[in-house]
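Subject: Structure for your files

Hello,

Please find the structure below, with notes on what turned up in it.

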Amino acid sequence: MGLEYDGTDFVGWQIQRTGRSVEGVLAAAVSQVAGEPVNVHGSGRTDAGVHALGQVVSFRIDRDMTAYDWTMALNAHLPPDISVRTVDFPHPDFHARYKATGKLYRYRILSRSPRP
């Protein structure tokens with residue numbers, strides 16, 4: 001699936017001992033919709049406070065739902081700072097981390113004396 005999030009209130013992608021992680025919140029939502037524990041795999045990790053517009057995530061589950069149904073169900077279980085944009089059903093060999101062929105990072109730095 002394709003995910004976007006505002007990373008302001010997250011410790012980053014990866015689950016940490018303390019703090020709220022994107023991976024942890026997403027895994028909880030997917031597990032709730034699936035009705036069983038599910039591990040989610042991101043195409044990469046982000047640091048604390050970093051936002052994403054197209055994070056690719058994969059997981060394996062045997063549940064007969066359409067892409068639209070997955071999108072709507074997950075977004076209903078996710079907080080406002082995480083949103084599922086797209087859902088697809090790739091080949092069973094697909095893994096978001098190991099099949100990634102590239103990444104694009106855009107850094108925006110506000111350089112002025114008044115705060116935004």
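Is arginine 85 buried, partly exposed or exposed? Arginine 85 counts as partly exposed, because its relative accessibility is 49%. The classes are buried for under 20% relative accessible area, exposed for over 50% and partly exposed in between, with a 1.4 Å probe and protein chains only.

Before the rest, two notes on the source. This is a predicted model, in which local features need pLDDT of at least 70 and side-chain atom pairs count only at pLDDT 80 or more, while totals for chains, interfaces and linings use all residues. Residues are numbered from 1 along each chain as its sequence is written, and side-chain values use heavy atoms, with hydrogens and water left out.

Overall layout

The protein chain has 2 helices and 4 strands, in the order β-α-β-β-α-β along the sequence. Helices (H or I, at least four residues) and strands (E, at least two) are DSSP runs, numbered from the N terminus. Taken along the principal axes, the C-alpha atoms fill a box of roughly 55 × 30 × 30 Å. Of the 116 residues in the protein chain, 35% are buried. Valine 30, in helix H1, is one of the buried residues, with a relative accessible area of 0%.

Salt bridges

The whole structure holds 2 salt bridges, a salt bridge being a side-chain nitrogen of Lys or Arg within 4 Å of a carboxyl oxygen of Asp or Glu.

Arginine 85 pairs with glutamate 4, with 3.7 Å between the closest N and O atoms. This pair links distant parts of the chain, since glutamate 4 is in strand S1 (residues 2-5) and arginine 85 in strand S4, 81 residues apart. Glutamate 4 is partly exposed, at 27% relative accessible area.

The other pair is aspartate 81 with arginine 20, at 2.9 Å, N to O. Aspartate 81 is buried, at 17%, while arginine 20 is partly exposed, at 29%.

Pockets

A pocket is found on a 1 Å grid over the protein atoms alone, as an open set of points where a 1.4 Å probe fits, with protein on both sides within 12 Å along at least five of seven lines; lining residues have an atom within 4 Å of a point. The largest pocket has about 830 Å³ of space and is lined by 20 residues, with His51, Ala52, Leu104, Tyr105 and Arg106 nearest its centre. By class, its lining has 7 nonpolar, 8 polar and 5 charged residues.

The second largest pocket has about 420 Å³. Of its 16 lining residues, Phe59, Arg60, Asp88, Phe89 and Pro90 lie nearest the centre. Strand S3 (residues 52-58) gives the most to this lining, with 3 residues. The classes here are 11 nonpolar, 2 polar and 3 charged.

Surface patch

Tyr105, Tyr107 and Ile109 make a nonpolar surface patch of about 470 Å². Patch residues have over 30% relative accessible area and no salt bridge, and nonpolar side chains are joined within 5 Å. Tyrosine 107 lies in the segment after strand S4 (82-86) and counts as exposed, at 70% relative accessibility.

Regards

Terms used: Patches are made of residues with over 30% relative accessible area and no salt bridge: like charges are joined within 9 Å, nonpolar side chains (Val, Leu, Ile, Met, Phe, Trp, Tyr) within 5 Å. Accessible areas come from the Shrake-Rupley method with a 1.4 Å probe; for residues, only the protein chains shown count as cover. Grid points are joined across faces, edges and corners, and a volume is the space filled by probe spheres set on the points. Ala, Val, Leu, Ile, Met, Phe, Trp, Tyr, Cys and Pro count as nonpolar, Asp, Glu, Lys and Arg as charged, and the others, Gly among them, as polar.
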